[in-house]
Amino acid sequence: MTTRTQRNRLRNILLLGLAFSAHAAEQGDTTQITVSGTLVDAPVCTINGNNQIDVDFGDDVVINRIDGVSYKNTPIRFDLVCTSLAKQGLLVTFDGTPSPFNSQYIDTSVDGLGIRIFLDGVIPIPRGTGAAFSYQDIAGAHFSAAPVVQSGVTLSAQPFTGAGTVTLRYQ
């Protein structure tokens, strides 16, 4: 499958080749241009052995301590096994239903409570956007999630859930 960008690049290369040939013909000489490359598809990877990734904040999330950053900032642990990777970088995206109070967070079952995703515990990764990596670097990357409360909302004690997806693709 080719993307529009790939098609545009190929068209530009062909037009450039035609311009070279036309210019050479005006000069009375011709030359050939060779275009080559390798098309790649989506990376062949298995995320967490195709099993669900669970992030458990525990049964003791204290409402008035939720700060959306460090409190209950819990690791998102998963394995990644890839074969036949191209040399290009990878993009890891965490997505899910956007929280009604901030589309950068993943929504939960409790109104006014969202989940914020981080790289290395401190760099926010907005929902639906990606973090760029090489395959070698992703093994050392640490993703985490932290609960965040909508400003001005008072939560009540209750269980909560949320769901999202992890997607891996070429940059």
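T108 touches L113, G114, I115, F160, T161 and G162, leaving aside residues up to four places away in sequence; contact here means heavy atoms within 4.5 Å. This is a predicted model, where local features need pLDDT of at least 70 and side-chain atom pairs count only at pLDDT 80 or more, while totals for chains, interfaces and linings use all residues. Residues are numbered from 1 along each chain as its sequence is written, and side-chain values use heavy atoms, with hydrogens and water left out.

So where does T108 sit? You'll find T108 in the loop between β6 (102-107) and β7 (113-119). Strands (E, at least two residues) are DSSP runs, numbered from the N terminus. With a relative accessible area of 9%, T108 is buried (under 20% relative accessible area, using a 1.4 Å probe and protein chains only).

| From | To | Distance |
|---|---|---|
| T108 side chain | V110 backbone oxygen | 3.2 Å |
| T108 side chain | L113 backbone oxygen | 2.7 Å |

Now for a sheet. Three strands make an open sheet in the order β9-β4-β11, with antiparallel pairing; two strands pair if DSSP finds at least two bridges between them. At the edges are β9 (130-133) and β11 (164-170), each pairing on one side only. Strand β4 (residues 90-96) is joined to β9 by four bridges, and the two run antiparallel. Across that pairing, L91 stands opposite A132 in β9.

Definitions and conventions
Buried < 20%, exposed > 50% of the residue type's maximum accessible area, 1.4 Å probe, protein only. Polar contact = N/O pair within 3.5 Å; in protein donor to acceptor, adjacent residues only side chain to side chain.
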